[in-house]
Amino acid sequence: MTTLMPDPDAVAPAVENLDTIVSLAKRRGFVFPSSEIYGGINAVWDYGPLGVELKNNVKRAWWRTMVQERDDIVGLDAGILMAAQVWVTSGHVASFTDPMVECETDHLRFRLDELPGTEELTQTELSDPAIVERLGLVCPADGGPLMPPRRFNLMFKTHMGPLEDDAALVYLRPETAQGIYVNFRNVQQSSRKKLPFGIAQVGKAFRNEISPGNFVFRTREFEQMEMQFFVRADSAAEWFERWLPERRAWYERYGVTSGRLRFREHALDELAHYARRAVDIEYRFPFGWKELEGIHNRADWDLGRHQAESGENLAYFDPATEEHYVPWIVETSAGADRAAFTFLIDAYREEEVRREKRVVLGFHPDLAPYTVAVLPLLRNRPEIVALAHEIRDDLARDVMAVYDDTAAIGKLYRRQDEIGTPWCLTVDVDTLEDRAVTIRERDAMTQERVPIEGLRAAIRDRLEAARA
Ligand code: GAP
């Protein structure tokens with residue numbers, strides 16, 4: 001596999017400073033800090049009216065590509081809470097850990113591989129118990145001495161039922177994938193799918209990250225969009241190669257700049273406990289190249305272990321060859337929050353229009369929180385206002401449509417540009433006569449007159465064209 005390594009500076013997003021996005025996100029209602037009136041809770045974020053639309057659209061776009069448009073993948077929505085034994089069998093209880101160091105003076109804890117000076121270290125080097133001493137690492141907060149590293153398990157624990165004893169222990173799932181594995185037989189038998197086929201799922205996952213941060217990039221509660229593709233062992237390597245470009249193409253299809261994406265192969269000592277091979281799709285975030293999605297060859301690790309531990313037969317009967325075998329799994333694992341964040345960053349641009357700054361979120365129309373905004377040119381003319389409301393209500397049967405009359409038209413356009421609305425419809429005095437409105441396009445700012453009668457079809461055509 002060739003690794004594309006563009007010059008990071010040449011492909012850096014327009015957002016140099018994350019504060020630009022954080023403040024736009026708060027001001028316009030994309031993302032708020034959780035529990036803010038109580039001072040907030042670290043690494044949990046709430047999605048506001050526009051953020052929930054964006055994230056829902058990201059999840060819908062993923063489902064469309066991964067499930068709706070394919071006939072070899074079906075969906076599932078498993079519970080977040082599962083039998084605790086699932087996580088023992090899957091290896092997460094023993095191995096889902098990060099290396100952590102603690103300061104001897106202020107007792108703050110840090111992820112070892114996030115400390116300054118450890119960026120280039122391999123996993124083998126990071127596992128060296130003498131690493132702190134060898135590199136002279138100190139606490140980034142107070143410069144105090146650090147204790148030797150230890151492994152910290154990232155799974156959140158809780159108790160099920162009224163007794164808080166060990167027998168009632170359950171974990172909040174750290175990946176959605178296990179819900180798919182334990183349902184493999186149910187799904188395969190009920191859907192009658194033949195291998196190769198996949199099971200897709202979108203849902204919450206939880207990780208007690210040692211060093212969360214960079215806004216919604218790494219949080220403790222997040223959503224994953226995962227697909228597990230079940231194949232014969234001898235075709236797993238080939239399917240792995242097929243999924244790499246497919247998944248990269250999905251981000252490009254929905255507007256991410258191609259040069260800001262690259263593949264990164266995991267070194268052998270970096271592989272997760274379940275993976276034979278792993279390649280990340282990385283994005284050039286303002287804080288550097290970071291993982292956006294992981295593609296993993298999990299071999300028969302999961303189904304093999306669940307079969308052995310549960311005593312249930314999870315083998316697949318292949319009617320073509322009359323063989324029974326435990327399938328291998330090629331997994332594509334994306335984060336819904338991280339993807340939405342990426343689309344947000346990548347869509348952001350500032351331009352100068354008539355000597356004024358114009359901020360635009362150039363979202364793909366399928367991702368934009370609002371598809372259309374309906375704007376009356378004169379808010380003191382009741383007939384115009386009433387007609388504008390009528391048009392919005394009609395369009396809202398198909399798409400998210402918003403009405404706004406709280407400023408002059410130029411300002412209303414800028415507000416919609418800043419939240420990425422692809423089309424603004426202006427209702428003016430002429431509309432009362434000719435029963436037509438002006439459609440103003442966000443990127444080119446071109447305007448076209450369209451009859452009210454054909455508006456729903458006109459918007460549908462534009463959406464269809466954007467998808468082509
Ligand atoms: N089932 C495999 C798995 O979970 P992963 O590489 O640990 O693989 C997959 O996670 C994706 O989930 C990541 O690429 C990222 O998009 C998202 N993700 C993981 N941890 C996250 C976190 N703490 N906050 C936000 N997204 C996260």
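This is a predicted model: local features need pLDDT of at least 70, side-chain atom pairs count only at pLDDT 80 or more; totals for chains, interfaces and linings use all residues.

Modeller: Let's start with Thr 219: one of its backbone N or O atoms lies 2.8 Å from a nitrogen atom of the ligand. Glu 291 reaches in with its side chain instead, placing a polar atom 2.6 Å from an oxygen atom of the ligand. Then there's Gly 335, where a polar backbone atom is 3.0 Å from an oxygen atom of the ligand. As for how covered the ligand ends up, it exposes 550 Å² when taken alone, and the protein buries 94% of that.

Now step back to the whole shell. There are 21 residues around the ligand, and the ones that come nearest are Glu 175, Thr 219, Glu 226, Glu 291 and Glu 331. Sorted by class, the shell has 10 charged residues, along with 6 polar and 5 nonpolar ones.

Where do these residues come from? The biggest giver is β13, with 6 residues in the shell.

If you look at helix α11, residues 336-347, you'll find it packing with helix α2, residues 49-68. Their axes are 9 Å apart and the angle is about 110°. Angles of 65 to 115 degrees count as roughly perpendicular, so that's how α2 and α11 sit relative to each other. On the α2 side, the contact is made by Leu 54, Lys 55, Val 58 and Lys 59. From α11 come Ala 336, Asp 337, Ala 339, Ala 340, Phe 343 and Leu 344. That contact has 7 nonpolar and 3 charged residues, with no polar ones.

Two bits of backbone are worth a glance as well. Most residues other than glycine have a negative phi, and most peptide bonds are trans. Ala 43 isn't a glycine, yet it has a positive phi of about 65°. You'll find Ala 43 in the loop between β1 (31-33) and β2 (45-47). The other spot is the peptide bond joining Leu 195 and Pro 196, which is cis, with omega about 0°. Pro 196 lies in the loop that runs between α8 (184-191) and β9 (197-206).

Notes: Residues are numbered from 1 along each chain as its sequence is written. Side-chain values use heavy atoms; hydrogens and water are left out. A residue is near a molecule or strand if one of its heavy atoms lies within 4 Å of it. A polar contact is a pair of N or O atoms within 3.5 Å; within protein, one must be able to donate a hydrogen and the other to accept it, and residues adjacent in sequence count only if both atoms are side-chain atoms. Accessible areas come from the Shrake-Rupley method with a 1.4 Å probe; for residues, only the protein chains shown count as cover. Helices (H or I, at least four residues) and strands (E, at least two) are DSSP runs, numbered from the N terminus. Ala, Val, Leu, Ile, Met, Phe, Trp, Tyr, Cys and Pro count as nonpolar, Asp, Glu, Lys and Arg as charged, and the others, Gly among them, as polar. Axes are lines fitted to C-alpha atoms, for helices over the stretch in contact, and angles run from 0 to 180 degrees between N-to-C directions. Angles under 35 degrees count as roughly parallel, over 145 as roughly antiparallel, 65 to 115 as roughly perpendicular and the rest as oblique. Contact means heavy atoms within 4.5 Å.
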